[in-house]
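Student: I am new to this structure. Please show it to me, and then we can read its features one by one.

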Amino acid sequence: MKIAILGKPFEDDNLPFVQGLLDNLSNRQTEIIIAESFYDYLSHRLQLPEGVQSFRRGDSLRGVQFVLSIGGDGTLLDTVTYVGSAQIPILGIHTGRLGFLATITPDQITQALDALFKGHFVIEERSLIRVDTDPEAFGGINFGLNEFSILKRDTSSMIVVHTYIDGEYLNSYWADGLIVATPTGSTGYSLSCGGPVMLPQTNNFIIAPVCPHNLNVRPLIVSDRSVISFEIEGRSNQFLLSLDSRSVAVDAGIQIAVRRENFTVRLVKLNHVNFLSTLRSKLNWGLDRRNPAGIPV
């Protein structure tokens with residue numbers, strides 16, 4: 001088996017777990033390749049198995065069966081940009097803070113690898129959002145798993161985002177910005193702006209204003225088969241566009257349209273982990289003394 005590993009720096013407490021992961025893979029005669037920046041980080045802290053190679057963004061991942069993402073949800077979002085349309089299954093190992101996407105904790109690594117090699121897992125497909133701009137804003141990596149945002153810059157006054165669905169005028173949002181979130185992104189930035197939580201298999205987008213001036217403007221759910229386009233105006237000549245964790249400053253007058261990407265992200269889910277259990281554990285749903293002791297929370 002060939003496995004690619006991406007990651008971000010983590011607490012030293014997790015070093016033994018990551019060393020164990022590498023040794024476990026090596027003992028299984030696995031071909032291991034590691035993203036270049038993470039390779040450099042690990043090589044100064046761990047004993048890398050013999051034959052481990054590094055790779056860069058844009059290199060072919062042909063022959064890779066699985067990608068391991070070590071870090072938090074932000075690391076997994078970055079991993080998605082490496083995998084792209086190859087749709088290689090991704091397993092998220094959580095060494096960050098919250099972990100909606102990266103659900104495997106360091107002490108579960110051995111169990112997770114056993115399940116991976118024995119085939120005791122399911123593949124969960126998540127939809128992506130695609131952003132088309134003129135001129136091009138995101139350097140060719142114009143898809144994301146969580147959300148696309150239009151935001152004001154710094155401390156400038158609010159902006160106006162004129163929004164259209166399939167060419168029909170929806171609304172002009174006077175706000176600090178506007179978010180278009182996928183079902184996966186419904187537990188992220190959109191949630192903090194009052195948006196609903198959506199199950200991953202829901203075929204919708206959420207349009208959520210950021211700090212709207214009109215308090216009767218609320219998040220809206222639309223079909224992800226729609227094309228949503230925008231025109232932006234404000235006192236500033238520049239605005240921010242954000243796609244997951246990547247932000248760029250753009251000039252006023254840029255043309256923007258978002259739609260569902262024509263490929264998906266494939267996440268590896270072990271049998272004991274699902275979206276509903278993650279909601280309960282991460283959002284503390286069910287933590288109430290009135291719940292019977294036998295009800296899992």
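Student: How many bridges join strand β15 to β18?

Tutor: First, the ground rules. This is a predicted model, where local features need pLDDT of at least 70, side-chain atom pairs count only at pLDDT 80 or more, and totals for chains, interfaces and linings use all residues. Residues are numbered from 1 along each chain as its sequence is written, and side-chain values use heavy atoms, with hydrogens and water left out. Strands (E, at least two residues) and helices (H or I, at least four) are DSSP runs, numbered from the N terminus. Two strands pair if DSSP finds at least two bridges between them. Here, three bridges join β15 (residues 228-233) to β18. The two strands run antiparallel. Ser229 stands opposite Ala257 in β18.

Student: How many bridges join β7 to β18?

Tutor: Six. Strand β7 covers residues 129-134, strand β18 covers residues 255-260, and they run antiparallel. Thr133 stands opposite Ile256 in β18.

Student: What is the strand order in the open sheet of six strands?

Tutor: The order is β14-β13-β12-β9-β16-β17, with antiparallel pairing. At the edges are β14 (220-223) and β17 (246-251), each pairing on one side only. In β13, Ala208 is the bridge partner of Ile179.

Student: Which residue does UniProt list for "active site"?

Tutor: A caution first. UniProt positions are given in the numbering used here, feature names are shortened, and annotations may be inferred rather than shown by experiment. The unreviewed entry lists Asp73. Asp73 is found in helix α3 (residues 73-83).

Student: Why does Asp73 count as buried?

Tutor: Buried means under 20% relative accessible area, exposed over 50%, and partly exposed in between (1.4 Å probe, protein chains only). Asp73 counts as buried because its relative accessibility is 19%.

Student: Which residues does the annotation "binding site" cover?

Tutor: In the unreviewed UniProt entry they are Asp73, Gly74, Asn146, Glu147, Asp176, Thr187, Gly188, Tyr189, Ser190, Leu191 and Ser192. They spread over 120 residues of sequence, and in space up to 24.7 Å between C-alpha atoms. Of these, Thr187 is included in the lining of the second largest cavity. On a 1 Å grid over the protein atoms alone, a cavity is a set of points where a 1.4 Å probe fits but cannot get out, and lining residues have an atom within 4 Å of a point.

Student: Where are Gly188 and Leu191?

Tutor: Gly188 is in the loop between β12 (177-181) and α5 (189-192). Gly188 is partly exposed, at 27% relative accessible area. Leu191 lies in helix α5. At 29% relative accessibility, Leu191 is partly exposed too. Contact means heavy atoms within 4.5 Å. Leaving aside neighbours within four places in sequence, Leu191 is in contact with Ser186 and Val197.

Student: What joins the side chains of Asn24 and Arg28?

Tutor: A polar contact of 2.6 Å. Such a contact is a pair of N or O atoms within 3.5 Å; within protein, one must be able to donate a hydrogen and the other to accept it, and residues adjacent in sequence count only if both atoms are side-chain atoms. Asn24 lies in helix α1 (residues 15-27). At 16% relative accessibility, Asn24 counts as buried. Not counting residues up to four places away in sequence, Asn24 touches Thr110 and Leu113.

Technical notes:
1 Å grid on protein atoms, 1.4 Å probe; cavity = no way out; pocket = protein on both sides within 12 Å on 5 of 7 lines; lining within 4 Å.
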